[in-house]
Amino acid sequence: MIDDYIKFLRSVFRSKDTPAYLAGAYMTGILPIIRYNTQSALSDFRERTMLKPLMLARYVGFTKDDVPKVCEKFGADERLMKVWYDGYRLPGAGEVYCPSSVMEAAKGSDYSPHWANTAAMESLTDYIYLNIEGLGDAMNELLDGKEMGIDPEEFENRLDRVDTGNIVLTVLVHLGYLAYDYSSSTVRIPNLEVRLQMLRAFAKAPNKDFVNRTRRCEKVLAATRNMDAETVASLLEDIHNERPPIHYNDEHALRYIVLQAFNNSPTGVYVTFDELSSGRGFVDILFMSQKGTTSLLLLVELKNGASTGTTISQIEAKDYIDYLRKVEYSGEVLLIGINYSPSTRKHTCRIEKITLK
């Protein structure tokens with residue numbers, strides 16, 4: 001089949017009659033064209049890929065200048081667009097959003113995954129499930145928000161020779177499931193849309209780490225909605241013991257554990273906003289329902305070595321509630337104070353409910 005495709009390209013672009021009817025052609029696809037013993041048939045092609053878009057980078061998707069115009073035209077929420085569909089950074093273009101997803105969300109006010117899984121992605125999941133060359137572990141690290149180094153030059157543009165972890169991660173960059181950082185040669189999950197795609201793909205995986213990740217998140221969310229602070233603290237403790245950050249005695253590390261606890265539901269119940277300015281401080285973490293501003297909202301304040309009572313008081317002292325009024329939120333809000341004690345190595349949690357009208 002590959003040979004037939006190469007022969008077709010040769011017949012179109014390399015025949016003696018080509019100059020008579022074709023000055024040039026622009027072809028699009030996802031994966032790079034395979035290069036092997038038929039290299040000469042493709043010598044006239046100049047490829048631009050997700051790894052090397054060069055002068056075409058700003059045409060890969062919507063840029064940060066394009067998205068506000070789309071949002072203004074359709075009355076869409078620019079903040080949600082960024083969380084859901086931003087995340088790619090291309091030299092010469094800066095921030096790049098998935099254009100088809102942005103348009104679907106804008107036209108239908110539907111902020112959710114609009115990007116269907118590809119057959120190529122499905123063919124790679126077995127490597128990840130089986131933890132080939134530590135791929136399962138690497139994917140867990142990526143889902144935790146970390147970055148992984150890759151060598152993209154190892155990939156020979158052939159899906160029938162995907163036999164190393166490095167190649168699988170490189171293919172995921174070409175497919176758009178991972179964003180590539182050109183300065184550090186690292187990859188990461190770009191946005192919430194892709195993250196949910198991956199969580200859904202791995203939710204039924206035979207790998208217990210993936211299953212535990214999603215199931216525990218559902219338990220945390222259920223306990224939070226029931227205002228069961230003791231269970232929330234206990235589940236945070238479990239995550240800390242299983243997947244501890246390198247340095248835990250600071251607020252940044254506590255944030256890492258809390259995001260793992262609340263942010264791994266394949267249903268994508270909540271959109272996460274980090275470090276939002278309230279005017280007199282920064283809201284540590286805000287979990288807002290993807291369905292809009294009329295559902296239960298979770299406002300989380302983190303402390304290291306303090307009391308949960310102090311944490312809740314800080315929410316009030318820094319006018320975080322006023323911030324919610326400014327963004328015209330109405331409905332129930334759970335104020336969640338989470339503290340980690342370095343001396344006892346224990347988490348504590350306190351949850352209070354208020355209603356904004």
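Modeller: Happy to! At least two residues of the lining of the second largest pocket come from each of these: helix H4 (78-85), helix H7 (135-143), helix H9 (192-202), helix H12 (251-262) and strand E7 (270-277). Helices (H or I, at least four residues) and strands (E, at least two) are DSSP runs, numbered from the N terminus. This is a predicted model, in which local features need pLDDT of at least 70 and side-chain atom pairs count only at pLDDT 80 or more, while totals for chains, interfaces and linings use all residues. Residues are numbered from 1 along each chain as its sequence is written, and side-chain values use heavy atoms, with hydrogens and water left out.

With 6 residues, E7 gives the most to the lining of this pocket. The lining has 31 residues in total, and Gly 145, Ile 189, Pro 190, Asn 191 and Asn 263 lie nearest the centre of the pocket. By class, 12 lining residues are nonpolar, 8 are polar and 11 are charged. Here Ala, Val, Leu, Ile, Met, Phe, Trp, Tyr, Cys and Pro count as nonpolar, Asp, Glu, Lys and Arg as charged, and the others, Gly among them, as polar.

The volume of the second largest pocket is about 910 Å³. On a 1 Å grid over the protein atoms alone, a pocket is an open set of points with protein on both sides within 12 Å along at least five of seven lines, whereas a cavity is a set where a 1.4 Å probe fits but cannot get out; lining residues have an atom within 4 Å of a point. Grid points are joined across faces, edges and corners, and a volume is the space filled by probe spheres set on the points.

As for cavities, the count comes to 2 of 30 Å³ or more. The second largest cavity has a volume of about 40 Å³, and its lining divides into 8 nonpolar residues, no polar ones and 1 charged. Among the lining residues of this cavity are Met 50, Arg 89, Val 173 and Leu 178. Strand E2 (88-90) and strand E5 (179-181) each supply at least two residues of the cavity lining, and E2 has the largest share, 3 residues.
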